[in-house]
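Open the model in your viewer and keep the sequence panel beside it. The stops below are given in the order in which to select them.

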Amino acid sequence: MREVETPEERSGPPREDRKHADHWSGSRRVVQVRPHVWRWLAPRVGGGSVLEIGPGLRPTAPVATSTFIDASAHALNRLSAHGGRTVPAGSALPFPDGSFDAVLAFEVVEHVEDDSGLLEEVARVSRSGGMLILSTPVHASMWSPLDDACGHVRRDEPEVLFEKVRTAGFEIGGYTWSPAGSQQLTRIRARALTSNRRLSTAFVQTLIFPFHATYQRMFGKVDWTEPASPVPPEADDLMLWATRAGDASPA
């Protein structure tokens with residue numbers, strides 16, 4: 001594995017400040033994850049413009065033809081080196097109204113204090129009939145040490161999440177969910193992130209996610225559930241798709 005600390009980082013900042021460091025900066029590898037999700041979305045977007053919020057080094061959208069906004073300067077530099085259009089994260093999305101045909105936000109809203117404000121911004125920059133795909137942990141009862149280690153600020157109940165998305169101006173077309181992993185694995189992941197998030201991120205970026213993405217590319221398929229169907233209580237993570245209200249949803 002490549003060296004995960006630069007000489008400057010080994011000499012400083014002080015250890016107590018390193019928890020605020022850019023945790024993506026230990027890896028230079030960009031891995032396009034969720035290829036099965038993109039395979040579903042691509043024909044519905046065609047050659048339209050795509051924005052992905054908070055991808056780090058694991059974008060779902062194709063890098064060379066998409067726009068990315070993230071708080072990590074290192075991740076933006078690597079995405080830019082692969083041809084992506086990149087913009088640093090701020091308090092608002094720095095794009096004109098109706099700029100994008102699709103907006104993606106995977107594992108983002110649970111980190112944002114004003115998630116409703118972010119969703120309103122997503123709606124603003126989405127074209128009429130534009131698509132949204134987001135994923136986030138759900139059910140407060142499923143809160144674990146991994147949520148604390150990842151810096152999550154909430155787990156919404158699914159109906160609360162759906163209402164926020166609709167209030168922002170979207171019509172939900174469907175959702176899918178995944179169960180939690182084993183408690184032992186969750187504790188291991190939380191301990192690794194708490195101990196050294198930069199190193200653990202570099203480890204999985206180098207050795208885990210490339211194989212995971214390959215598996216999804218070969219065997220992955222998205223099976224959507226109608227939004228009127230209740231989300232089961234064992235759901236740990238939920239992904240939904242929606243369209244900017246006012247136009248017909250894609251087939």
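Helices (H or I, at least four residues) and strands (E, at least two) are DSSP runs, numbered from the N terminus. This is a predicted model, in which local features need pLDDT of at least 70, side-chain atom pairs count only at pLDDT 80 or more, and totals for chains, interfaces and linings use all residues. Residues are numbered from 1 along each chain as its sequence is written, and side-chain values use heavy atoms, with hydrogens and water left out.

Select helix 7 (residues 183–207), where Leu 207 lies. Leu 207 counts as partly exposed because its relative accessibility is 40%; buried means under 20% relative accessible area, exposed over 50%, and partly exposed in between (1.4 Å probe, protein chains only).

Next, turn to the aromatic rings. Rings of Phe, Tyr and Trp (its six-membered ring) pair if their centres lie within 6.5 Å; planes under 30 degrees apart count as stacked, over 60 as edge-to-face and the rest as tilted. The whole structure holds five aromatic pairs. Select Phe 162 and Tyr 175: their ring centres are 5.8 Å apart and their planes at 45°, so the pair is tilted. This pair links distant parts of the chain, with Phe 162 in helix 6 (residues 158–168) and Tyr 175, 13 residues apart from it, in strand 6 (residues 170–179). Both Phe 162 and Tyr 175 are buried.

Move on to Tyr 215 and Phe 219, a tilted pair with 5.1 Å from centre to centre and 50° between the planes. Both lie in helix 8 (residues 209–219), four residues or about one turn of the helix apart. Are Tyr 215 and Phe 219 buried or exposed? Both are exposed.

Last, select Trp 40, Trp 224 and Trp 241, which form one aromatic cluster.
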